[in-house]
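Please read this report with the sequence and the coordinates open.

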Amino acid sequence: MQTAGMDTPGEQAGQESFLRGVKDCLPTLLGYLSIGFAAGVVEKTAGLSIAEIALLSAVLYAGSAQFIAAGMMALNSSALSIIVTIFFVNLRHLLLSAALSPYFRHLSPFRNMLIGSLLTDETFGVAINEAASRKRISEKWMHGLNLTAYLNWIAANLAGAFLGQWISDPERFGLDFALPAMFVGLLVLTILSRKSLRRDIAVGLAAAVIAVGVSLIASPSVGVIAATLAASTFGMVVERWK
Amino acid sequence: MEVRSYVLMVIVGAAAVTFIPRVLPLMVLSRFRIPDWGMRWLHYVPVSIMAALVAQELLVKDGSLIPLSRNTGLWAALPAFWVAAKTRSLLAAVITGIVCAMVLRMLL
């Protein structure tokens, strides 16, 4: 090949790992499609235009925040109160971002920003699974994962907005269950990929109890944050005892 | 196909408060070494978050517990757990969950 001298092995490996990131995203796409579709339906029924839905999914890119935004806008809540609510709901991203940070230490802050800007619960789940077997995560792999999820999300929102006028009952087909099922799968795969099975199960059970307990008296997002802080500390302390 | 200023304000504001927690730890923490206890703490964060999300999705709706007898989601999740552990395939777990949820809702 004439160009062989110009293709460094690093570049080839990099391209390959972008595509592998795309491929590793595929199992989550069904979840994105159904949740994004549902979000599009909700946004449409909340009175948003197609252009507004496209902008919302492309700029905000957060399922729970979009459901909240659509619901609160339908009630004519003030912009400030919607923004504050979404701030608290999405504070949990601090924990996701912090948990991934050790694996991107080889990148500049700006390149870390690009990676973090498309971080979601789902891409985090796939990435932390990948991290279990290595010290650092490939930047290109992460972009492949993030961009696939991102484009799929926007497409799903728009599909929901267009078709939502006709399909009013996605629950009948169990489609709304894609999200919890996906988290079940990610949780199981994460635990199985590590070497601390019993401790992980104990931490997971503790987190589940705290999350449910706190969300009954406060809110679901406070429940997730409280459960994460407390159960992770519990895991760290138990590990120290051994 | 218009974008109202009220909607635009919500989108821009919400995006800003979502963007900051997403990128800040990655930008800042990647420049510093996290102490050993911090790394061990972070090791348990993913399991904690995902277990918390799963528990809330399956057990809570509108601020109260879903009664066990009517909780089709919880029963549909059990085969999904089993399939995920057996096959180690995310897609297999998701499809199992959706099919079980659909069948249970048709039966109950």
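## A salt bridge across chain A

E130(A) and R20(A) form a salt bridge, with the closest N and O atoms 2.7 Å apart. The pair ties together distant parts of the chain: E130(A) sits in helix α7 (residues 121-131), R20(A) sits in helix α1, and 110 residues separate them. The model is predicted. E130(A) has a relative accessible area of 11%. That value is under 20%, so E130(A) counts as buried. R20(A) reaches 32% relative accessibility. It therefore falls between the 20% and 50% limits and counts as partly exposed.

## Other charged pairs

Over all chains, the structure holds 9 salt bridges. One of them joins the side chains of D121(A) and R92(A), at 2.7 Å from N to O. This pair also links distant parts of the chain. D121(A) belongs to helix α7 of chain A, while R92(A) lies in the loop between α4 (79-89) and α5 (93-100), 29 residues apart. Both D121(A) and R92(A) are buried.

R194(A) and D200(A) make another salt bridge, whose closest N and O atoms are 2.8 Å apart. R194(A) is buried, and D200(A) is buried too. Salt bridges with shared partners also join R20(A), D24(A), E130(A) and R134(A) into one network.

Why does R92(A) count as buried? Its relative accessibility is 10%. The cut-off for buried is under 20%, so R92(A) qualifies.

Which residues does R92(A) touch, leaving aside those up to four places away in sequence? They are S64(A), D121(A), V224(A) and I225(A). D121(A) is also the salt-bridge partner of R92(A).

## Chain A as a whole

Chain A has 11 helices and 0 strands. Its pattern along the sequence is α-α-α-α-α-α-α-α-α-α-α. Of its 242 residues, 52% are buried.

Contacts in chain A with a separation of 6 or more are 77% from residues 24 or more positions apart. The accessible surface of chain A is about 10800 Å². Carbon and sulfur atoms hold 68% of that surface.

M236(A) is part of helix α11 (residues 220-241) of chain A. Is M236(A) buried or exposed? It is buried: its relative accessibility is 17%, and the limit is under 20%.

Not counting residues up to four places away in sequence, M236(A) touches W37(B), R40(B), W41(B) and Y44(B).

## The contact between the chains

Chain B and chain A bury about 7700 Å² between them. Carbon and sulfur atoms account for 75% of this buried area. The contact takes 97 residues from chain A and 73 residues from chain B.

How many salt bridges are counted between chain B and chain A? The count is 1. R4(B) forms a salt bridge with E52(A), and the closest N and O atoms lie 2.8 Å apart.

## Domains of chain B

Chain B is divided into domain 1 (1-32), domain 2 (34-66) and domain 3 (67-107). The centres of domain 1 and domain 3 of chain B, taken over C-alpha atoms, are separated by 34 Å.

A nonpolar surface patch covers about 830 Å². Chain A gives L30(A) and L33(A) to the patch. From chain B come L91(B), I95(B), V99(B), V103(B), M106(B), L107(B) and L108(B).

Two helices each supply at least two residues of the patch: α1 (9-45) of chain A and α4 (90-107) of chain B. The largest share, 6 residues, comes from α4(B). V99(B) is found in that helix, α4 of chain B. Its relative accessible area is 41%. This lies between 20% and 50%, so V99(B) is partly exposed.

Technical notes:
Residues numbered from 1 in each chain as written. Chains lettered and ligands numbered in written order. Predicted model: local features only at pLDDT ≥ 70, side-chain atom pairs only at ≥ 80, totals over all residues. Heavy atoms only, no water. Domains from an automatic or database assignment. Patch = residues over 30% accessible without salt bridge, like charges linked within 9 Å, V, L, I, M, F, W, Y side chains within 5 Å. Areas by Shrake-Rupley, 256 points an atom, 1.4 Å probe, with all protein chains shown as cover. Salt bridge = Lys/Arg side-chain N within 4 Å of Asp/Glu carboxyl O. Helix = DSSP H or I, 4+ residues; strand = E, 2+ residues; numbered from the N terminus. Buried < 20%, exposed > 50% of the residue type's maximum accessible area, 1.4 Å probe, protein only. Contact = heavy atoms within 4.5 Å. Buried area = accessible area lost by both parts, 1.4 Å probe.
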